[in-house]
Amino acid sequence: MKKIEAIIKPFKLEDVKEALTQIGITGMTVTEVKGYGRQQGHSELYRGAEYVVDFLPKIKIELVVSQENVDPCIEAIMNSARTGKIGDGKIFVLDVERVVRIRTGEENEEAL
């Protein structure tokens, strides 16, 4: 099993959710986060004064999938979240040792 974490632009969330639903992914966790990468934030004006916005709003999507669903998930996220501009985000894939469904006690693949 693998955990996929994707950091995307907020306005792309619905597109990504729809793309994942189309390939059969039924569960995910979504968190509003802030951060920056190569963008290094940007400057804005407020009442005539310039200030730097270091951390940009992003969305973090987390899902745990079986090994065979990793590549389709990555492809779905990439194709639906890509704008072609800086700050489109990143996808991280991590190993998951164990999953337990609290309600039933089911473990691993059965708990997904």
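Leaving aside neighbours within four places in sequence, I8 is in contact with L13, V16, K58, I59, I61, A81 and D88. Contact here means heavy atoms within 4.5 Å. This is a predicted model: local features need pLDDT of at least 70, side-chain atom pairs count only at pLDDT 80 or more, and totals for chains, interfaces and linings use all residues. Residues are numbered from 1 along each chain as its sequence is written, and side-chain values use heavy atoms, with hydrogens and water left out.

I8 also belongs to the largest nonpolar core, which has 18 residues. A nonpolar core is a set of buried Ala, Val, Leu, Ile, Met, Phe, Trp, Tyr and Cys residues joined through side-chain atoms within 4.5 Å. Buried means under 20% relative accessible area, exposed means over 50%, and partly exposed lies in between (1.4 Å probe, protein chains only). Which members touch the most other members of the core? They are I8, L20, I61 and L63. At least two core residues come from each of β1 (2-8), α1 (13-22), β5 (56-65) and α2. Helix α2 gives the most, with six residues.

## The chain as a whole

The chain has two helices and six strands. Along the sequence they follow the pattern β-α-β-β-β-β-α-β. Helices (H or I, at least four residues) and strands (E, at least two) are DSSP runs, numbered from the N terminus.

The chain has 112 residues, and 32% of them are buried. Take the contacts with a separation of 6 or more: 71% of them join residues 24 or more positions apart. The accessible surface comes to about 7800 Å². Carbon and sulfur atoms account for 49% of that surface. Accessible areas come from the Shrake-Rupley method with a 1.4 Å probe; for residues, only the protein chains shown count as cover.

Which residues of α1 are buried? They are L13, V16, A19 and L20. These residues lie on the same side of α1, because they cover an arc of only 130° around the axis. The arc is that of the directions from the helix axis to the C-beta atoms. Their cover includes β1, β2 (29-35), β5 and α2.

The face turned away from the buried side carries the exposed residues E14, E18 and Q22. Just after α1 comes G24, with a positive phi of about 95°.

## S80 in α2

S80 sits in helix α2 (residues 70-81). Its relative accessibility is 11%, so S80 counts as buried. Beyond its neighbours within four places in sequence, S80 is in contact with K12, D15, V16 and A19. Of these, V16 and A19 are among the buried residues of α1.

## E62 in β5

E62 lies in strand β5. Is E62 buried or exposed? It counts as buried, because its relative accessibility is 18%.

The side chain of E62 makes a polar contact with the side chain of K3, at 2.9 Å. A polar contact is a pair of N or O atoms within 3.5 Å; within protein, one must be able to donate a hydrogen and the other to accept it, and residues adjacent in sequence count only if both atoms are side-chain atoms. Leaving aside neighbours within four places in sequence, E62 is in contact with K3, I4, E5, M28, T29 and T31.

## N108 after β6

N108 is in the segment after β6 (89-95). Its phi is near 55°, a positive value in a residue other than glycine. N108 has a relative accessible area of 27%, so this residue is partly exposed.
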